[in-house]
Each structure stands twice: as structure tokens, then as C-alpha cells.
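The stops below go one selection at a time.

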Amino acid sequence: MEIQALVLSRTNYTTTMIPFFLGISTCASDIHSQGLENQRHLDHYLSGFQGLLIAETWMYRSCFSPRECHQVLQMTQDSKSTNETYYQFEGGVQLGIGAFNLMLSLLPGRILRLLEFIGFSGNRELGLQQLREGASGASLRAILCSFTLLLYHTYVSLILGTGESNLLEAEALLQPYLQKFPKGALILFYDARIDILKGNFEKAQVTFQECIAAQQEWKQIHHLCYWELMWCYSFQQNWLQAYQYADLLCKESRWSKAIYMFQKAAILCMLPDDDVKTTGENIVALFRQVEGLKQRIAGKSIPTEKFAVRKARRYAGSQPVKLVVPALVFTAQLLILIN
């Protein structure tokens with residue numbers, strides 16, 4: 001209780017916090033702040049309500065935040081300790097500050113201005129700098145910093161269109177872990193993802209298969225691989241192979257049955273009639289199932305599912321109106337999905 005009172009009171013850091021710096025309490029505070037950060041993010045994303053983010057930030061301010069941990073770290077830079085606890089605390093602060101600033105910098109401008117009004121800042125450069133320093137360290141959070149940067153360079157920067165994807169840095173971050181964990185599922189997944197972005201589709205396909213074979217516990221990783229393989233074969237216009245993975249997603253993944261069904265039907269539209277017959281599928285029947293699979297989250301429809309339903313309605317009547325160029329519609333859905 002005494003330590004908690006010191007942490008929450010925000011009194012003079014030099015006289016109150018530094019004596020505890022190399023002890024368990026400081027690392028516990030760091031872990032506590034990261035737990036709170038994750039809880040606030042989950043609350044926001046699960047609710048789908050932007051206003052809740054503002055309410056949660058007020059609660060977040062009353063706790064020992066990563067920003068205050070960073071202040072403690074800065075005051076001890078001149079007298080770094082060789083104690084292992086110090087480096088673990090430093091890695092935790094770099095992960096918290098880096099991820100927090102990077103996440104906030106990606107929010108829409110109007111939301112970011114509101115957060116700045118109540119004392120938060122989304123400094124992307126600071127976030128990337130802290131994550132890079134954390135990734136180059138030897139703390140337990142080094143691999144988490146690396147994964148955060150990999151996620152940013154291989155997905156987030158592309159989805160949000162920031163134009164800041166850095167594949168060279170992504171490869172450099174991944175290389176040590178490829179050597180240390182050559183059969184790691186996440187390591188292999190990011191390796192294959194980088195190959196797709198570089199246009200090395202054949203190599204990516206092989207690596208995704210290795211990723212699938214590497215473990216059987218996390219089926220969600222398999223579904224991510226199926227998704228990437230479906231697009232990979234689509235880019236190569238190998239529609240029959242793309243259909244195989246679209247079909248697997250329809251059967252195994254529950255993320256969005258409507259999107260999966262639409263994609264499977266659109267891919268089949270690109271195949272010759274004889275090849276479609278070998279699959280045993282009815283394209284019109286597949287399109288007619290799309291609307292019934294649409295889901296609502298917090299009372300709202302998913303934009304990509306609305307797009308799929310609107311296009312699938314062309315097949316709802318007694319005389320279906322076929323999609324003119326299914327591959328273009330299929331690609332348009334991808335563009336909507338990533339934007």
C-alpha cells in the first residue's frame with residue numbers, strides 16, 4: 001500500500017521513485033501500466049465506440065502511465081545500473097512509449113486533437129525511435145518491439161496508406177530471429193509476408209506452407225496463411241489454387257463468412273466452366289448465401305460485407321446478372337478492405 005500510494009500520488013520523483021527504481025516495485029509499475037494500456041485498447045476496439053476512448057483516457061491518466069515511467073528512466077540515464085532489472089525496466093518503457101505513441105499517431109486527426117487536448121500526444125517518430133531502441137536491446141520485450149515494428153511495416157502502413165513501409169528494416173529485424181527460431185510460426189509468417197510485398201510469390205508460398213506445418217495449436221495462424229495464399233495465387237491468376245484456400249477459409253474461419261463466401265464465388269467466376277464442375281460448386285447458389293451470412297457488430301454492418309452483399313444481389317433474381325469482370329470486383333473488395 002505504501003508503494004502504491006507513492007506511485008499514485010505523483011510526488012517528487014527524485015526523492016520517492018528513484019529509491020525504488022532497482023527494486024521489484026518499479027518493474028511491477030511498468031507491467032501494470034502495460035496491462036492498463038492493453039485493457040484500454042481492448043475496451044475501445046471491442047466496443048467500437050470512439051467516445052469510449054476519450055472516457056478511458058481519463059481513467060488512464062490516474063494510473064502510473066508509460067509516460068511517467070519514461071520520466072523516471074530519463075532521470076537515471078546518467079547513472080545507468082548494470083543491474084538486470086534496470087534493462088528489463090528500460091525495455092518495458094521503450095515498448096510502452098513506442099507502441100502508445102505509434103498507435104495514437106495512426107488515429108484520425110479529429111480524435112488525435114481531442115487526445116492532445118487532454119494531454120496525450122501521438123508522436124510517430126518518437127514511437128518508432130523507442131521501438132527501434134527496444135528491439136536492439138536484450139530485454140524480454142525486445143522481440144515484442146520487433147514484432148510491433150514488423151506489424152507496422154508489413155500491414156499497418158499499407159492498410160492506412162501512410163507510405164512509410166520499410167521492408168529493408170523489416171528484413172533486418174527479422175533476420176536474427178530467423179536464425180534463432182527457424183521453425184517459429186510467427187517468424188515464418190512475417191518472412192513470407194515480406195516476400196509477397198517484394199513480389200517473390202513462389203518463395204512466399206513455400207514459406208507459408210512451412211508456417212502451417214510448424215504448429216497445429218493456433219488455427220488462427222493457419223487462417224492468416226490461407227488468406228495470404230489465396231491472394232498470392234490470385235495475383236498469379238492461378239484461380240483453382242486460390243479457390244482451394246478460399247474454400248478452406250469458408251469452412252474453418254469465423255472472421256467473416258460473408259466475405260469468404262463472396263470471394264470463393266468470385267474466384268470460381270474466373271474459372272472455365274469445366275473446372276468449376278470439377279469443384280462441385282454452384283456459383284449462383286454461393287452468391288445467394290452471402291446476404292444471409294452478413295453480421296452486425298454493435299448494431300452496425302461491416303463495410304466490406306455490405307459491399308459483398310450489394311454485389312451478390314445481382315444473382316438473387318430468377319435471371320442472375322453476372323459480374324462483368326469478377327477479378328476486378330474481387331480486387332475492388334481488397335482495396336475497400338485495406339482502406
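This is a predicted model: local features need pLDDT of at least 70, side-chain atom pairs count only at pLDDT 80 or more; totals for chains, interfaces and linings use all residues.

A residue is called buried when its relative accessible area is under 20%.

**Stop 1: Ile 97.** Select helix H6, residues 84-105, and find Ile 97 within that helix. Its relative accessible area is 6%, so Ile 97 is buried.

Stop 2: Move to helix H9, which spans residues 142-159 and holds Ser 146. Is Ser 146 buried or exposed? With 2% relative accessibility, Ser 146 counts as buried. Show its contacts, leaving out residues up to four places away in sequence: Ser 146 touches Ala 135, Leu 173 and Tyr 177. Then select Cys 145, which is buried because its relative accessibility is 0%.

**Stop 3: Cys 211 and Cys 225.** Select Cys 211, another residue that counts as buried, at 0% relative accessibility. Which cysteine sulfur is closest to that of Cys 211? The closest belongs to Cys 225, at 3.5 Å. A disulfide requires the two sulfur atoms to be within 2.5 Å, so the gap between Cys 211 and Cys 225 is too far for a bond. Searching the whole structure gives zero disulfides.

Stop 4: Val 325 sits in the loop between helix H18 (303-312) and helix H19 (326-338). Its relative accessible area of 36% makes Val 325 partly exposed.

**Stop 5: confidence.** Color the chain by pLDDT. The chain average is 78, and 71% of the residues score at least 70. Where in the chain is confidence lowest, and where is it highest? The lowest is helix H1 (residues 2-9), with a mean of 40, and the highest is helix H12 (residues 201-214), with 96.

Finish with two stretches where the coloring calls for caution in reading. Over residues 44-58 pLDDT stays under 50, and the model has 20 contacts beyond four places in sequence for this stretch. Residues 60-64 also stay under 50, and for these the model has 24 such contacts beyond four places in sequence.

Key: Residues are numbered from 1 along each chain as its sequence is written. Side-chain values use heavy atoms; hydrogens and water are left out. Helices (H or I, at least four residues) and strands (E, at least two) are DSSP runs, numbered from the N terminus. Buried means under 20% relative accessible area, exposed over 50%, partly exposed in between (1.4 Å probe, protein chains only). Contact means heavy atoms within 4.5 Å. pLDDT is the predictor's confidence in each residue, from 0 to 100.
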